[in-house]
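Here are my notes on this model, as numbered points. Please read them with the structure open.

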Amino acid sequence: MTTQTAESRAETAGSSARADAILADVVGLLVEVVGDEILVATSIGRDSAFNEDLAVESIEFVALAEKLEQRYGTRVDFMAFLSELEMDEILTMTVGTLVDHIAACLGNEPDRISGEV
């Protein structure tokens, strides 16, 4: 049986809290781009697919990319990230994929998450 040390539990909790904060940011940015009616139609979570579940259109992806750059600076280049994906990967991309990408781009930086600018 494997036991976690207090340090690894704290690191896992920190990663989870960070992912939750990034998810909240992404949801907020989606609402800014698409409008708050998106929240009436569906709940947005990590498994929500941009295309199938949220019906985000290509022009809205461009607007989301701009919002992400305003929020996180050039550290999170959403358009470059999209350009590296195959078309089927883009069409099936989930909010969780974007959250993971943002977290990877930010690394261990504590700033600019969940409303901190």
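1. Start with a salt bridge between K67 and E32, whose closest N and O atoms are 3.0 Å apart. K67 sits in helix α3 and E32 in helix α1, so the contact ties together parts 35 residues apart in sequence. K67 is partly exposed, at 25% relative accessible area. Bear in mind that this is a predicted model.

2. A second bridge joins R71 to D25, with 3.1 Å between the closest N and O atoms. It too links distant parts of the chain: R71 is in helix α3, D25 in helix α1, 46 residues apart. R71 counts as buried because its relative accessibility is 12%, under the 20% cut-off. D25 is also buried, at 10%.

3. The side chains of R46 and D100 form a salt bridge at 2.8 Å, N to O. R46 lies in the loop between α2 and α3 and D100 in helix α6, so parts 54 residues apart in sequence are tied together. R46 is partly exposed at 34% relative accessibility; D100 is partly exposed at 44%. The search of the whole structure finds 3 salt bridges.

4. The largest nonpolar core has 29 residues, and L30, F50, L64, F78, V95 and I102 have the most contacts inside it. Helices α1, α3, α4 and α6 each supply at least two of its residues. The largest share, 8 residues, comes from α1.

5. V95 deserves a look. Leaving aside residues up to four places away in sequence, V95 touches L23, V26, L30, I44, G45, R46, S48, F50 and L54.

6. Phi of A55 is near 55°, a positive value in a non-glycine residue. Most residues other than glycine have a negative phi.

Notes:
Residues are numbered from 1 along each chain as its sequence is written. This is a predicted model: local features need pLDDT of at least 70, side-chain atom pairs count only at pLDDT 80 or more; totals for chains, interfaces and linings use all residues. Side-chain values use heavy atoms; hydrogens and water are left out. A nonpolar core is a set of buried Ala, Val, Leu, Ile, Met, Phe, Trp, Tyr and Cys residues joined through side-chain atoms within 4.5 Å. Buried means under 20% relative accessible area, exposed over 50%, partly exposed in between (1.4 Å probe, protein chains only). Helices (H or I, at least four residues) and strands (E, at least two) are DSSP runs, numbered from the N terminus. Contact means heavy atoms within 4.5 Å. A salt bridge is a side-chain nitrogen of Lys or Arg within 4 Å of a carboxyl oxygen of Asp or Glu.
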